[in-house]
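Please look at the sequence and the structure shown here before reading on. The briefing that follows takes up the ligand site and then a sheet of strands.

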Amino acid sequence: MAYIKSPEEVNKIIEGGKIIGEILEKISLMVKPGISAWEIDQEAEKLIREAGGRPAFKNYRSYRGEPPFPSTICASVNEEVVHGIASKEKILKEGDIFSIDIGMQWPVNSGLGENGNGFFTDTAITIPVGEVSQKIKQLLSVTQESLEKGIAAAVVGNNIADIGKTIEDYIKPQGYGIVRDLVGHGVGHSVHEDPKVPNYYDQQLQKWDLHEGVVIAIEPMVTMGDYNVETAADGWSISTVDKSLSAHFEHTVVITKNGPIVATRRPSEKF
Ligand code: MF3
Ligand code: CO
Ligand code: CO
């Protein structure tokens, strides 16, 4: 059961998660009409390095190989679901929604973790830029709430399939699309580990029991329209095919016998 982390490993993941939660909150406050994704990315990288970490996504290569991901944050606007590149040209405007996904390996050069550079945490949020419509606010709050429902299902005695089922049962009746091509995942020794954590029911995942010491990233991606997505010519940015808006919230969650611990909670979160 290599997917179970030791108490010492779990403690470091919780420590790192707290730091990246604070960093995500700080950079979220920069989101305003007129700012570029690149400016936010620069600040994110600076804060991560000052904290003794390294950006987990920068230079990350997917199993498909080329090209490496170029920025610290994934910066995805409107119909972009995830993996948007934080470029200078990506300037936020009033009425947009902006998803920031951020990952950190921490503490670097500590001798801890499988390669001596510590442990990985992963978290994301979608933020309105200026004023957005009630309909858009609803998409954001339903997506965030679905993450909380998924977290509440991450308890000993349940399995991975229960998490997806819980999220799907909450989202589906409200008429939104649930992205299927991208899923949550185990996390800690690397950005993506087994098991996969889909946001819909998958019977095959019943075999992954939630034991104490399991660490997963739960990350519902919810659309205003259809769930189909496609990758852009840059090789990374993933958008809805129908161009409908999409929201994404993510936390790194540790399963304990006293219930889930949300490692990446932001200071202002009330849950
Ligand atoms: N943060 C993404 C996830 O939640 C993975 C990003 S990999 C990148 O799983 F290379 F695109 F940054
Ligand atoms: Co992420
Ligand atoms: Co993730």
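## The ligand site and a sheet

Ligand 1 is surrounded by F57, Y60, F69, C74, H83, D101, D122, H185, H192, E219, W236 and E250, where a residue counts as near a molecule if one of its heavy atoms lies within 4 Å of it. This is a predicted model, in which local features need pLDDT of at least 70, side-chain atom pairs count only at pLDDT 80 or more, and totals for chains, interfaces and linings use all residues. Residues are numbered from 1 along each chain as its sequence is written, chains are lettered from A and ligands numbered from 1 in the order in which they are written, and side-chain values use heavy atoms, with hydrogens and water left out.

**Around the ligand**

- The shell around ligand 1 holds five nonpolar, three polar and four charged residues, with Ala, Val, Leu, Ile, Met, Phe, Trp, Tyr, Cys and Pro counted as nonpolar, Asp, Glu, Lys and Arg as charged, and the others, Gly among them, as polar.
- A polar contact is a pair of N or O atoms within 3.5 Å, and a polar side-chain atom of D101 lies 2.9 Å from a nitrogen atom of ligand 1.
- An oxygen atom of ligand 1 is 3.1 Å from an N or O atom in the side chain of H185, and a polar side-chain atom of E219 lies 2.9 Å from an oxygen atom of ligand 1.
- Of the 330 Å² of accessible area that ligand 1 has on its own, the protein covers 97%, with areas taken from the Shrake-Rupley method and a 1.4 Å probe.

**The sheet**

- Five strands form an open sheet in the order β8-β7-β9-β14-β15, with antiparallel pairing; strands are DSSP runs (E, at least two residues) numbered from the N terminus, and two of them pair if DSSP finds at least two bridges between them.
- The edge strands are β8 (193–197) and β15, each of which pairs on one side only.
- Strand β7 (residues 184–186) pairs with β8 over three bridges in the antiparallel sense, and E193 in β8 is the bridge partner of G186.

**Strand β14**

- In strand β14 (residues 251–256), six of the six residues are buried, meaning under 20% relative accessible area (1.4 Å probe, protein chains only).
- H251, V253 and I255 point one way from β14, while T252, V254 and T256 point the other way.
- V254 is the bridge partner of V215, and V254 itself has I261 in β15 as a bridge partner.
- β14 and β15 form a hairpin with two residues between them.

Notes. A polar contact is a pair of N or O atoms within 3.5 Å; within protein, one must be able to donate a hydrogen and the other to accept it, and residues adjacent in sequence count only if both atoms are side-chain atoms. Buried means under 20% relative accessible area, exposed over 50%, partly exposed in between (1.4 Å probe, protein chains only). Helices (H or I, at least four residues) and strands (E, at least two) are DSSP runs, numbered from the N terminus.
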